[in-house]
Structure formats: structure tokens, C-alpha cells
Amino acid sequence: MAEVEVDQDLCIADQVCASMHPDIFEMGDDGFAHVVDGMEELEDAGDIDRAKEAAEACPVDAITVSE
Ligand code: SF4
């Protein structure tokens, strides 16, 4: 299991994560990225890998994946 979080204070809203994996990340009404409802705790290894991929791609390290 892994917990996924986005720090909106760091996010620069470039939409990289939401473009890569829109089933896990979405852009909110506030203009910043958020974890899609129900995807805050991931069990599937493939989902966890994809969340990590987005975290690595984020230019400001705003995404945390904690196992
Ligand atoms: S990749 Fe990072 S900076 Fe870009 S929208 Fe996602 S959380 Fe924000």
C-alpha cells in the first residue's frame, strides 16, 4: 500500500502529472494538481509505479508517494 499526496504549495500547475496519469492526478478548480478521489491510498503495484513515475517527473517534487 502507498499513500499519494500533492503539496499544492509547491505545485506550479504545469499539468505534467495529470497528463501522464489522469486516473491518479487531476487539476483542481484552484488550478493546482490533486490526487483523484479514491486514489489517495494505492494497493495495486502498477498504480504505485505510475504514481512514482509522476512524482519523478514533477519538476518541483510536489508529489509524495509513501509506502
Ligand atoms: S507535475 Fe508537479 S508541478 Fe506539475 S501539476 Fe503535477 S504536482 Fe503540479
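Modeller: Before the pairs themselves, a word on how parts of the chain are named: helices (H or I, at least four residues) and strands (E, at least two) are DSSP runs, and they are numbered from the N terminus. This is a predicted model, in which local features need pLDDT of at least 70 and side-chain atom pairs count only at pLDDT 80 or more, while totals for chains, interfaces and linings use all residues. Residues are numbered from 1 along each chain as its sequence is written, and side-chain values use heavy atoms, with hydrogens and water left out.

Side chains of opposite charge can pair when their charged atoms come close. A salt bridge here is a side-chain nitrogen of Lys or Arg within 4 Å of a carboxyl oxygen of Asp or Glu, and the search of the whole structure finds three of them. One joins the side chains of Asp23 and Arg50, with 2.6 Å from N to O. Asp23 belongs to the loop between α1 (16-20) and β2 (25-27), whereas Arg50 is in helix α2 (residues 45-57), so this pair ties together parts that are 27 residues apart in sequence. For accessibility, buried means under 20% relative accessible area, exposed means over 50%, and partly exposed lies in between, computed with a 1.4 Å probe on protein chains only. By that scale Asp23 is partly exposed, at 35%, and Arg50 is also partly exposed, at 22%.

Arg50 has another partner, Asp47, and here the closest N and O atoms are 2.7 Å apart. Asp47 and Arg50 are three residues apart in helix α2, which means that about one helical turn separates them. Asp47 counts as buried, its relative accessibility being 19%. Contact means heavy atoms within 4.5 Å, and, leaving aside neighbours within four places in sequence, Asp47 is in contact with Ile24, Met39 and Leu42.

The remaining salt bridge is between the side chains of Lys52 and Glu67, at 2.6 Å from N to O. Lys52 is in helix α2 and Glu67 in the segment after β5 (63-66), so this pair ties together parts that are 15 residues apart in sequence. Lys52 is partly exposed, at 30% relative accessibility, while Glu67 is exposed, with a relative accessible area of 66%. Salt bridges that share partners join Asp23, Asp47 and Arg50 into one network.

His21 is found in the loop between α1 and β2, and it is buried, with a relative accessible area of 9%. Not counting residues up to four places away in sequence, His21 touches Arg50, Glu53 and Ala54. Ile63, for its part, lies in strand β5 and is buried, with a relative accessible area of 9%. The C-alpha atoms of Ile63 and Ala51 are separated by 8.4 Å, although these residues are 12 residues apart along the chain. With residues up to four places away in sequence again not counted, the contacts of Ile63 include Ala51, Ala54, Ala55, Cys17 and Cys58.

Cys17 and Cys58 lead on to the ligand. A residue is near a molecule if one of its heavy atoms lies within 4 Å of it, and of the 13 residues around the ligand, Cys11, Asp14, Gln15, Cys17 and Cys58 come nearest. This shell divides into 11 nonpolar residues, one polar and one charged, where Ala, Val, Leu, Ile, Met, Phe, Trp, Tyr, Cys and Pro count as nonpolar, Asp, Glu, Lys and Arg as charged, and the others, Gly among them, as polar. The ligand sits in the largest cavity. A cavity is a set of points, on a 1 Å grid over the protein atoms alone, where a 1.4 Å probe fits but cannot get out, and a molecule sits in it if more than half of its atoms lie within 2 Å of its grid points.

Gln15 also has a backbone feature worth noting: its phi is positive, about 70 degrees, although it is not a glycine. Gln15 is placed in the loop between β1 and α1 and is partly exposed, at 42% relative accessibility. Ala13 lies in the loop between β1 (2-6) and α1, and its phi, near 60 degrees, is likewise a positive value in a residue other than glycine. At 26% relative accessibility, Ala13 counts as partly exposed.

Key
On a 1 Å grid over the protein atoms alone, a cavity is a set of points where a 1.4 Å probe fits but cannot get out, and a pocket is an open set with protein on both sides within 12 Å along at least five of seven lines; lining residues have an atom within 4 Å of a point.
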